[in-house]
Amino acid sequence: MNVKELPEEMLCRQQEYIRAVADLNTGKSPTAFVDTYGCQQNEADSEIIRGILMEMGYTQVFDENDADLIVINSCAVREHAEQRVLGNVGQLIHVKRKRNCLIAVCGCMVQQPQMAEKIKKSYPHVKLVFGVHALPRFPELLYRALTGEKRVFDIEKSDGYIAEGLPVLRKDKTKAWVSIMYGCNNFCTYCIVPYVRGRERSRDPKKVVAEVAALVREGCRDVTLLGQNVNSYGNDLDENVDFSSLLEMINDIPGDFRIRFMTSHPKDATPRLFDTMAKCEKVAKHIHLPFQSGSDRILSLMNRRYDSTKYRELVSYARSKMPDISVTSDVIVGFPGETDDDFEETMRLTRDIGFDGLFVFIYSKRSGTPAAEMEDPTPRSEKVARFQRLFDLQDSMTEEKSRKLLGAEVDVLVEAVQEEQNGYNLLARCESNRPVYVKGEPSLVGTFTKARITDSSKWGMYGELI
């Protein structure tokens, strides 16, 4: 099996540094605050950081003003996310003056050399900076930052390794993220991810299955499998295991739980995937399948390697196998060179498909990507207007779909106690991934039950437990 795992001796070395930092903390009660920006993969990375910190003797806090160590896990997908990170990191200088805390910035944003250099020059209160490929070496890097006077920077450029066996501290016992692969080979022209996260690396399927089985035994009821493109899972493995095979293996794990996954790339989605979803009773009948644009011309400029016809055929086939499947998607408006006609194709595809939910983004220029060099004559005001039109269209379709469920009985997983609003104190979620707010005892958290839908809004549905 061709799994690019971190060598055992390197993992042992990091365990030694975990113990070394724990020794530094002996007799103390240090606190740590980990703040995460961006996607679910970043959330999963932060859970590893929290797990490492727990073994080092740190107690987790939820306010930077209470922390001896602050870790900011950054995102590079959009300029807005980077500006938020930089703005918040800049404000941390006030916390540093009050508590003399150690501040670290990690993740995709600082994997870009120009951003790491910006922090080095403009944010001297940041002591530790490390990119996504240095995450397995976090114990060593933190030890150096704690014991040395110099600032520590590690943004090694690499295709990366898979580090099995690192500790994980999850915030939620009911739901869990499980990374099945890392990196991306697609090189969509607007996307920075392949440049910062490296090439695709699939985890050993037996280790993925073992991790999910352990989570289910511990009471987890909703497992989301993560990858930049889960449909290409296994392409780099020697054995004949693809993503559909992995779904079948996880579906065979004993227990009452749901399997979700994201993200799927349409170019690699196949009838076999939807056949597998249909026959596996634990796989949620929901797929997040980003289409990005309804214009074939723009899709070609994006290097998406499918067209609108193939996308329609995929959704049609999925619905033929699972009539109640929920389909959500991502779309970019204002891509360089997008015309009014191109945008109308996006509106048309959105109407034709009838998505259950749509995440709409205005194109964000990413330095180092091919799209950043493309001519972009469309004014920002026009892009904002297109964004609003598409947003309003999807809003109306989502509300209509919710109204059609009034009176229906749906299976829900009660996920959490929430701040009570009009008596609704529990957040539940149905198989389609829609939130359902219900009234009930907090002891129901982590259980499957049925709810009758009594009301709806653009934000979710309301129900009574049966």
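This briefing describes selected helices, helix pairs and single residues of one structure. The structure is a predicted model, in which local features need pLDDT of at least 70 and side-chain atom pairs count only at pLDDT 80 or more, while totals for chains, interfaces and linings use all residues. Residues are numbered from 1 along each chain as its sequence is written, and side-chain values use heavy atoms, with hydrogens and water left out. Helices (H or I, at least four residues) and strands (E, at least two) are DSSP runs numbered from the N terminus.

**Helix 12**

- Helix 12 covers residues 308-321, and its 14 residues reach 20 Å from the first C-alpha to the last, close to the 20 Å expected at 1.5 Å a residue. The expected span is 1.5 Å times one less than the number of residues.
- The buried residues of helix 12 are S308, Y311, L314, V315 and A318. Seen down the axis of helix 12, these buried residues fall within an arc of 120 degrees, so they line one face of the helix. Buried means under 20% relative accessible area, exposed over 50%, and partly exposed in between (1.4 Å probe, protein chains only); the arc is that of the directions from the helix axis to the C-beta atoms.
- On the face turned away from the buried side, helix 12 carries the exposed residues E313 and S320.
- Helix 10 (271-279), helix 11 (296-302), strand 13 (326-333) and helix 13 (340-353) are the elements against which the buried residues of helix 12 pack. Contact means heavy atoms within 4.5 Å.
- At the start of helix 12, the backbone nitrogen of T309 has a side-chain oxygen of D307 within 3.2 Å.

**Helix 13**

- The 14 residues of helix 13 should span 20 Å at 1.5 Å a residue, which agrees with the 20 Å between its end C-alpha atoms.
- D342, F343, T346, M347, L349, T350 and I353 are buried in helix 13. They cover an arc of only 160 degrees around the axis, which puts them on the same side of helix 13.
- The buried residues of helix 13 pack against helix 11, helix 12, strand 13, strand 14 (357-362) and helix 14 (380-404).

**Helix pairs**

- Two packed helices are described by the angle between their axes and the distance between the axes. Axes are lines fitted to C-alpha atoms, for helices over the stretch in contact, and angles run from 0 to 180 degrees between N-to-C directions.
- Helix 1 (residues 8-24) and helix 6 (residues 138-147) pack at about 35 degrees, with their axes 8 Å apart. The contact includes R13, Y17 and L24 of helix 1 and F138, Y143 and T147 of helix 6.
- Helix 8 (residues 205-217) and helix 9 (residues 243-251) cross at roughly 35 degrees, and their axes come within 10 Å. In this pair, P205, V208, V209 and V212 of helix 8 meet L246, M249 and I250 of helix 9.

**Two single residues**

- T276 is part of helix 10 and counts as buried at 2% relative accessibility. Leaving aside neighbours within four places in sequence, T276 is in contact with S244, L247 and E248.
- K458 lies in the loop between strand 18 (448-457) and strand 19 (460-465). With a relative accessible area of 36%, K458 is partly exposed.
- Not counting residues up to four places away in sequence, K458 touches D395, T398 and E399.
- K458 and R258 are 200 residues apart along the chain, and their C-alpha atoms are separated by 25 Å.

Technical notes: A polar contact is a pair of N or O atoms within 3.5 Å; within protein, one must be able to donate a hydrogen and the other to accept it, and residues adjacent in sequence count only if both atoms are side-chain atoms.
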